[in-house]
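Please look over the protein below. A short report on its fold and surface comes with it.

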Amino acid sequence: MKKYIGIIASVVYALLFRILVEFHVMEMNSWSYLIVLPILMGYLPFALDKKTFIDSKAKSILFPMVSVILFLVIAFITQLEELSCFVILLPPYALISVLVSLGLRLSLKDTGDSNNGLTKNSLIFIALPLLLGQIEQGLDKRTKVLELSEQIIIKSSDQHVWNNLFSVPDLSKDVEPSIYNYLGFPNPVRSNYDLKTNTRLGYFSNGIVLNEKVVEQKDRKKLSFAIDVEKSMLDKSQTFQHVLRNKNLVFQSITYRLNRIAANRTELTLSCTYQLSSNIPVYGTFWSKQIIRDFETKLLHALKRNIEKQGNNDFY
């Protein structure tokens with residue numbers, strides 16, 4: 001039982017810091033949470049039972065892996081995390097914790113004395129993520145503006161396509177699921193436009209409702225929206241709340257552009273311009289690009305199917 005105490009301690013330790021994120025003591029999108037915390041998760045089991053790790057290379061790999069997976073599973077079950085966050089956090093946590101564990105094993109094995117190296121007194125380092133987290137909160141995040149665009153040809157007039165952009169029809173039967181849906185990211189369902197307020201409510205398959213204000217329009221040429229996060233309903237998604245309410249990602253504009261190719265052929269381009277603020281911009285940029293590009297592609301293809309099924313009724 002003693003050899004499993006390290007795993008239990010590592011899981012409880014990670015959950016404690018995840019709860020601290022909820023109280024804004026530290027941020028999820030930070031070096032302290034994404035890098036330093038998994039380092040300590042690889043360190044804790046080793047520090048509590050060095051002999052088990054030195055005697056077995058397999059356990060040096062398995063124990064930190066089990067710790068990470070148990071932490072994420074419990075966080076998912078208790079709704080601290082969604083499946084999408086599980087998938088995003090798993091690669092860095094698993095890789096870093098295993099490398100730390102193997103590195104510690106190698107360093108102590110080379111000494112030929114399992115009593116040398118790490119001691120239980122060195123557990124003072126468990127406070128390191130908290131200290132670094134406090135420092136990071138006082139630092140400015142690195143910010144970059146990104147734009148992603150996808151386009152498609154729709155066999156319909158530009159007028160007919162334009163008529164379907166303000167209030168997007170129900171796309172439930174037209175959207176093809178992707179791997180990101182199985183990871184918890186939603187599909188677009190429909191949108192309702194209010195002419196008086198010049199706003200659109202966009203409904204998603206996970207219960208999220210985005211409040212989108214029209215900020216620019218040129219008849220049958222261009223239509224741009226800006227998301228009002230404060231007026232949007234994000235409570236059904238932990239991921240959306242963390243990313244949007246904490247302003248790690250700010251959508252500056254969502255724009256449709258129409259290009260009339262022929263009487264019944266229209267090129268529709270969907271562009272998303274957003275600002276990404278992160279202490280680890282490379283990782284945030286990678287995931288944001290994958291998710292947004294997947295969403296844009298699905299939405300355009302679903303619109304194409306729906307509009308072409310309607311026929312070419314310019315008075316729609």
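## Overall figures

This is a predicted model. The protein holds ten helices and seven strands. Its C-alpha trace spans about 80 × 35 × 30 Å along the principal axes.

Of the 316 residues, 48% are buried. The accessible surface comes to about 15800 Å². Carbon and sulfur atoms own 61% of that surface. Among contacts with a separation of 6 or more, 69% join residues 24 or more positions apart.

## The sheet

What is the strand order of the open sheet? It reads β1-β7-β6-β5-β4-β3-β2, seven strands with antiparallel pairing. The edges are β1 (142-154) and β2 (188-194). Each has a single partner strand, so one side of each is left without a neighbour in the sheet. On average, neighbouring strands of this sheet are turned by 25° against each other, direction ignored.

Helix α10, residues 281-310, packs on the sheet. The helix touches β1, β2, β3, β6 and β7. The direction of α10 makes about 20° with that of β1.

## Strand pairs

Strands of a sheet pair through backbone hydrogen bonds, and they may run parallel or antiparallel.

Take β6 (residues 249-262) and β7 (residues 265-278) first. Twelve bridges join them in the antiparallel sense. The two strands form a hairpin, with two residues between them. Which residue of β7 is the bridge partner of Phe 251? That partner is Tyr 274.

On to β5, residues 222-227. This strand pairs with β6 over four bridges, again antiparallel. Ser 224 stands opposite Thr 255 of β6.

Now the edge strand β2. Six bridges tie β2 to β3, residues 199-204, and the two run antiparallel. Asp 194 faces Thr 199 of β3 as its opposite residue.

## Nonpolar surface patch

Which residues form the nonpolar patch on the surface? They are Ile 69, Val 73, Phe 76, Ile 77 and Leu 83. Together they have about 410 Å² of accessible area. Helix α4, residues 57-77, gives the most to this patch, with four residues.

Phe 76 is found in α4. Is this side of the story buried, exposed or in between for Phe 76? Its relative accessible area is 40%, so Phe 76 counts as partly exposed.

## Positive phi in two loops

Asn 198 is found in the loop between β2 and β3. Phi of Asn 198 is near 60°, a positive value in a residue other than glycine. Asn 198 has a relative accessible area of 22%, so it is partly exposed. The cut-off for buried is under 20%.

Where is Lys 247 placed? Lys 247 is in the loop between α9 (238-245) and β6. Lys 247 is not a glycine, yet its phi is positive, at about 60°. Its relative accessibility is 56%, so Lys 247 counts as exposed. The cut-off for exposed is over 50%.

Methods. Residues numbered from 1 in each chain as written. Predicted model: local features only at pLDDT ≥ 70, side-chain atom pairs only at ≥ 80, totals over all residues. Heavy atoms only, no water. Pairing = 2+ DSSP bridges. Axes fitted to C-alpha atoms, helices over the stretch in contact; angles between N-to-C directions. Contact = heavy atoms within 4.5 Å. Patch = residues over 30% accessible without salt bridge, like charges linked within 9 Å, V, L, I, M, F, W, Y side chains within 5 Å. Areas by Shrake-Rupley, 256 points an atom, 1.4 Å probe, with all protein chains shown as cover. Salt bridge = Lys/Arg side-chain N within 4 Å of Asp/Glu carboxyl O. Buried < 20%, exposed > 50% of the residue type's maximum accessible area, 1.4 Å probe, protein only.
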